[in-house]
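Please look through the sequence and the model shown here before reading on. The report then takes up a few local features in turn.

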Amino acid sequence: MPQRCSSRYERDLRSKGFLAIAGVDEAGRGCLFGPVYAAACILDPQRPVRGLDDSKKLDAPERQRLQLLIEQRSLAWAVASASAAEIDSINILQASRLAMRRAVESLPRPADYLLVDATSVDLPLPQQALIHGDALSHSIAAASILAKTHRDRRMQEFDQQYPGYGFARHKGYGSPEHLDALDRLGPLPEHRFCYAPVRERAQRTLFP
């Protein structure tokens, strides 16, 4: 039977003496455009947030509702990003890990343990990587919601900056609408040129 998202990992760590357990996750890794975002979140066990789960399982209104509760009730939270240029330079995995490290380093209260979705963070802190952690750990789920909602807000800003690409709708993913806009309008500086659909269309623009 699949495990449900819960606070069991956090409870186990608190029983071992850890007091500032940060969940860490990213959003936008599979997008063709824009930064990858990451969040770190230290939940307050005295002020639980009901309904936490993998952000991909939640609709936009529910994510926004939970975002506000997470930000109000957490002991500490932070959101950070790595740019498309950084993704092109060091690859998406390393850029995601860089954004995660920046988020942890930006926490107003230092973490003493990290629960990370599927990878590790380059910091000298005890940590555990959980496969599908955003569906298992409340702290990682909270981080996934923060990363997703903050990134979606940034994509709405890009939609105003670059009309015609539909960023507010597809959020930078490789949807038919996005690929059609790339064919018609060409790549933007914030596109990820290391991704084949962008690279191929950039080459067509240079060598029609």
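Helices (H or I, at least four residues) and strands (E, at least two) are DSSP runs, numbered from the N terminus. This is a predicted model, in which local features need pLDDT of at least 70, side-chain atom pairs count only at pLDDT 80 or more, and totals for chains, interfaces and linings use all residues. Residues are numbered from 1 along each chain as its sequence is written, and side-chain values use heavy atoms, with hydrogens and water left out.

His 132, found in the loop between strand S5 (127-130) and helix H5 (138-161), has a positive phi near 55° although it is a residue other than glycine. Lys 171, in the loop between helix H6 (167-170) and helix H7 (176-185), likewise has a positive phi, of about 60°, and is not a glycine. Buried means under 20% relative accessible area, exposed over 50%, and partly exposed in between, with a 1.4 Å probe and protein chains only. His 132 is exposed at 59%, whereas Lys 171 counts as buried at 16%.

## Cysteines

A disulfide is a covalent bond between the sulfur atoms of two cysteines, and here a pair counts if the sulfur atoms lie within 2.5 Å. The structure holds 0 disulfides. For Cys 5, the closest cysteine sulfur is that of Cys 41, which at 12 Å is too far for a bond; for Cys 31, the closest is in Cys 194, also 12 Å away and too far. Cys 31 is buried, with a relative accessibility of 0%, and Cys 5 is buried at 16%.

## Aromatic rings

Rings of Phe, Tyr and Trp (its six-membered ring) pair if their centres lie within 6.5 Å; planes under 30 degrees apart count as stacked, over 60 as edge-to-face and the rest as tilted. By this rule there are 6 aromatic pairs. In one of them, the rings of Phe 33 and Phe 158 have centres 4.9 Å apart and planes at 85°, so the pair is edge-to-face. Because Phe 33 lies in the loop between strand S1 (21-27) and strand S2 (36-42) and Phe 158 in helix H5, this pair ties together parts that are 125 residues apart in sequence.

Phe 33 is buried at 0% relative accessible area, and Phe 158 is buried at 3%. Tyr 165 and Phe 167 form a stacked pair, with 5.4 Å from centre to centre and 0° between the planes, and both residues are buried. Phe 33, Phe 158, Tyr 162, Tyr 165 and Phe 167 form one aromatic cluster.
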